[in-house]
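Below are some notes on side-chain pairing in this model. Please read them alongside the coordinates.

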Amino acid sequence: MRKPSTGRKSMTSTDPDKKNNREFAVITYLFVGIFILMMGYFAYFQVFLSEDFINSPYNARQNTFAEHVVRGEIRSADGKVLAQTVVGEDGSETRYYPYGSMFAHVVGFDSNGKSGVESFGNFSLLRSHAFFLEQVINGLQGQKNFGDNIVTTLDYGLQETAYQALGENRGAVIAMDPSTGKILAMVSKPDFDPNIISAEWESIISNTDSDNSVLVNRATQGLYPPGSTFKILTTLEYIREHPNYQEYSYECTGSIAMENTEIHCYDHAVHGTENLETSFAKSCNTSYANIGLGLDKKAFRQLCEDLLFQKDLPISYPSNKSSLALTENSNSDEVTQTAIGQGKTLVTPMHMAMITAAIANKGILMRPYVVDHTENYKGVTVKSYTGSQYGPLMAEEEAAKLQEFMSLVVSEGTGSKLSGQSYHAAGKTGSAEFSNDKSESHAWFTGYASTEDKGTVVVTVIVEKGGAGSTAAVPIAKQVFDRYFNQ
């Protein structure tokens with residue numbers, strides 16, 4: 001007689017099925033998870049990384065893009081074509097720069113590597129937003145599509161004026177809108193003609209002296225002692241440490257003795273009794289050496305770092321870090337040299353322009369940028385770019401006080417060539433010694449000008465071996481200001 005079933009056998013018989021189901025579910029969820037992660041990364045790559053990846057000089061796929069797209073144009077804000085690809089009857093393509101060396105460093109080149117807008121805008125120039133059906137037809141016919149155009153923030157008139165004003169001098173000129181960060185002009189000399197850079201490449205790279213290389217963009221990569229333009233920072237630190245700064249008084253005799261050296265005012269001038277404002281306006285070295293000796297060295301260095309010394313600048317162009325040697329252990333010689341912008345302190349013109357822009361913009365630094373928008377070859381906007389805040393470099397009331405000091409430089413001091421114009425100008429001159437015997441100086445000016453109807457523009461000028469900033473750099477800045485407000 002058969003025994004009644006207990007049910008155990010049937011339960012045991014289904015255990016392998018349940019186990020298999022669980023394993024199948026785990027595997028399924030694992031693959032679904034991997035798929036979701038891959039799709040997430042793909043989306044992240046498309047949004048955040050693809051442009052950097054395609055723009056990378058190590059990406060071999062760039063040549064593949066160029067096989068299907070005619071490289072787009074680069075234009076100024078006022079419609080001038082700064083770079084274009086000329087297609088010959090035989091289908092050959094030649095990159096052409098209508099204005100030659102005038103925009104050499106800011107626009108860049110597209111042979112033997114890339115630089116400038118040609119480099120960081122490579123992705124946009126090599127992709128096409130022509131009408132979809134047009135792209136399909138071109139593909140079927142084996143024809144290339146037209147790449148997108150880049151419209152920059154560059155003002156042709158300002159660039160032309162800055163280029164001509166700098167003349168045969170080595171150095172740099174930068175003009176920018178402090179309220180947006182738009183770069184309006186960027187000139188660096190010595191320069192090169194990007195139309196013939198391939199033919200001259202061997203001779204260009206054979207010059208191993210980076211100080212004399214035409215490929216160096218002195219606006220962003222040139223490192224110079226800031227001279228008296230650095231007194232902007234020294235003044236700000238003194239004001240922070242001394243709420244009663246208006247009581248400052250100093251008797252300038254033309255020189256002041258340190259431990260191992262003696263500091264002289266420029267051209268051995270004797271300024272007499274000065275307060276802080278007149279010390280700044282007349283750019284009195286001995287007064288600022290005296291000021292430096294009384295500053296908190298740790299706080300002073302921190303201020304400099306807050307104003308981007310020892311830091312990468314937030315710009316698209318390759319740039320060098322500005323640096324200073326001041327520490328808590330610095331001796332009096334190093335402190336006083338730092339206070340007047342000499343010694344081991346080095347700064348780029350772009351950095352000085354950014355500090356000036358923050359002062360003109362109530363203490364807020366806007367990130368400098370040069371691409372306004374991209375558009376397809378028929379002029380339809382693809383992507384627009386706007387200014388973004390880097391953040392405050394100083395308090396609004398501090399910026400306002402520095403504006404007053406810089407206005408005095410024009411009305412009563414070394415920037416007097418800018419007084420009496422149709423615009424209000426303010427700034428700081430500098431004469432930066434760089435040779436061991438202190439017989440030669442670079443000429444500096446950094447400042448801004450404004451009117452009610454045209455707003456504000458910042459201009460920074462460095463003239464290598466130019467001597468006094470008041471005689472070599474200020475006249476160049478004046479020409480740029482004149483062009484901006486009178487064009």
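1. Aspartate 482 and lysine 478 both sit in helix H17 (residues 474–486), four residues apart, so about one helical turn separates them. The two form a salt bridge whose closest N and O atoms are 2.9 Å apart. Lysine 478 is partly exposed, at 22% relative accessibility. Note that this is a predicted model.

2. The structure holds 14 salt bridges. One of these pairs glutamate 375 with arginine 75, at 2.9 Å from N to O. The pair links distant parts of the chain, 300 residues apart: glutamate 375 is in strand E14 (residues 371–375) and arginine 75 in strand E2 (residues 74–75). Glutamate 375 is buried at 8% relative accessible area, whereas arginine 75 is partly exposed at 22%.

3. Lysine 144 and glutamate 93 form another salt bridge, with the closest N and O atoms 2.7 Å apart. Lysine 144 lies in the loop between H6 and strand E5 (145–146) and glutamate 93 in strand E4 (residues 93–96), so the bridge ties together parts 51 residues apart in sequence. Lysine 144 is partly exposed at 29%, and glutamate 93 is partly exposed at 33%.

4. Serine 128 belongs to the loop between helix H5 (122–125) and helix H6 (132–140). Serine 128 counts as buried because its relative accessibility is 14%, under the 20% cut-off. Its side chain reaches the backbone oxygen of phenylalanine 146 at 2.8 Å and the backbone nitrogen of alanine 130 at 3.2 Å. Beyond its neighbours within four places in sequence, serine 128 has contacts that include Gln135, Asn145 and Asp148.

Note on methods
Residues numbered from 1 in each chain as written. Predicted model: local features only at pLDDT ≥ 70, side-chain atom pairs only at ≥ 80, totals over all residues. Heavy atoms only, no water. Helix = DSSP H or I, 4+ residues; strand = E, 2+ residues; numbered from the N terminus. Buried < 20%, exposed > 50% of the residue type's maximum accessible area, 1.4 Å probe, protein only. Polar contact = N/O pair within 3.5 Å; in protein donor to acceptor, adjacent residues only side chain to side chain. Contact = heavy atoms within 4.5 Å. Salt bridge = Lys/Arg side-chain N within 4 Å of Asp/Glu carboxyl O.
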